[in-house]
Amino acid sequence: MSKRIPNIVIANWKMNGLLAPSMREFKKIRDFFLQDLISCDVVICPPFTLLRDMAEKLPNTGIKIGGQNASYAEHGAFTGEISAFMLADLMCEYVILGHSERRALFHETSEVVNKKATTAHKAKLKSIICVGETMEERDGGIANEVIETQLLESIPDSANDSNTIIAYEPIWAIGSNVTPSLDEINEMHTYIKSFVDKRIKSFGNPPRIVYGGSVGANNAKEIVNLHNVNGLLVGRASLDADSFCNIVQSAS
Ligand code: PGA
């Protein structure tokens, strides 16, 4: 059975990229889009400092941009924070929320992720809400419960099939070159789907569930072809334009 919704490929550049070399990579990605017919959605989430330059070069490319985080507050005395409304003002359409690095290194709880997603939706951004289990949790046989709790607590009431994407990123697969087997990915996505189909309001389409964690040109195609995988969240392999375009081609 073919999939009903186009795949989405999201690049998470994390805290990488100075202006000149990053814009050279971005230009290569843009040229690829101008030459090839791409049938999947593509979002690049660079550091905040690159958004404005990218935004200027977006029109007519089909590429979308997004932030890697946003505050739960709309504006005000929150030194160092960036508001979802500021991202929207820079032509961002997406924001990654609750990435495991933010949960682990910056103590973001699912309750905070929920508030951030609510604000992002108010700013008309699409939230990419990340969930994932540790290796200990998987080995202990509690991965499903951990994911279900994160979903239950992180997804706000404002979520619907067009403003929310769920990213399943097993923490042990991020940056490790180790991935779950295809069966394990499909099983978890099927489990997540059964939960989000009930939790996220649908106006006709099922909410998209993307996989992230050591995705590269070598494994993108087989992962994205899995029935309940609707796209990919790519870290390291998105920093190089050639490898990223290769991945986009696999999902297209
Ligand atoms: P990775 O990172 O592709 O480098 O494993 C993925 C992520 O953290 O989103």
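A residue is taken as buried when its relative accessible area is under 20%. By this criterion Ser100, at 13% relative accessibility, counts as buried in the predicted model. Ser100 lies in helix H4. Apart from residues up to four places away in sequence, Ser100 touches Ile171 and Ile174.

Val9 belongs to strand E1, which covers residues 8–12. The relative accessible area of Val9 is 0%, and this residue is therefore buried. When neighbours within four places in sequence are set aside, the contacts of Val9 include Cys40, Asp41, Val42 and Val43. Val9 is also in contact with Leu232, Val234, Phe244, Ile247, Val248 and Ala251. Glu93 is 84 residues from Val9 along the chain, and the C-alpha atoms of Val9 and Glu93 are separated by 14 Å. His189 is found in helix H8. With a relative accessible area of 0%, His189 is buried. Residues up to four places away in sequence not being counted, His189 touches Tyr168, Ile209, Val210, Tyr211, Asn228 and Val229.

Helix H1 was considered next. H1 runs over residues 19–35 and has 17 residues. The distance from the first C-alpha of H1 to the last is 24 Å, close to the 24 Å expected at 1.5 Å a residue. The buried residues in H1 are Ser22, Met23, Glu25, Phe26, Ile29, Phe32 and Phe33. Among the elements that cover these buried residues are strand E2 (41–45) and strand E3 (63–67), together with helix H2 (48–56) and helix H10 (241–251).

The pairing of H1 with H2 was described by its geometry and its contacts. The axes of the two helices come within 11 Å and cross at roughly 45°. Angles under 35 degrees count as roughly parallel and those from 65 to 115 as roughly perpendicular, and H1 and H2 are therefore oblique to each other. Their crossing is right-handed. On the H1 side, Leu19, Ser22, Met23 and Phe26 take part, and they meet Leu50, Asp53 and Met54 in H2. Of these H1 residues, Ser22, Met23 and Phe26 are among those buried.

Helix H7 comprises the twelve residues 143–154. At 1.5 Å a residue H7 should span 16 Å, which agrees with the 16 Å between its end C-alpha atoms. Buried positions in H7 are Ala143, Val146, Ile147, Gln150, Leu151 and Ser154. Viewed down the axis of H7, the buried residues fall within an arc of 130°, so they line one face of the helix. In general, an α-helix has 3.6 residues a turn, so residues three or four places apart point the same way.

H7 and H8 pack at an angle of about 30°, and their axes are 11 Å apart. This angle makes H7 roughly parallel to H8. The crossing of H7 and H8 is right-handed. In H7 the residues involved in the contact are Ala143, Asn144, Ile147, Glu148, Leu151 and Leu152. These meet Met188, Tyr191, Ile192, Phe195, Val196 and Arg199 in H8.

Methods: Residues are numbered from 1 along each chain as its sequence is written. This is a predicted model: local features need pLDDT of at least 70, side-chain atom pairs count only at pLDDT 80 or more; totals for chains, interfaces and linings use all residues. Side-chain values use heavy atoms; hydrogens and water are left out. Helices (H or I, at least four residues) and strands (E, at least two) are DSSP runs, numbered from the N terminus. The expected span of a helix is 1.5 Å times one less than its number of residues. Buried means under 20% relative accessible area, exposed over 50%, partly exposed in between (1.4 Å probe, protein chains only). The arc is that of the directions from the helix axis to the C-beta atoms. Axes are lines fitted to C-alpha atoms, for helices over the stretch in contact, and angles run from 0 to 180 degrees between N-to-C directions. Angles under 35 degrees count as roughly parallel, over 145 as roughly antiparallel, 65 to 115 as roughly perpendicular and the rest as oblique. A crossing is left-handed if the near helix is turned anticlockwise from the far one by less than a right angle, and right-handed if clockwise. Contact means heavy atoms within 4.5 Å.
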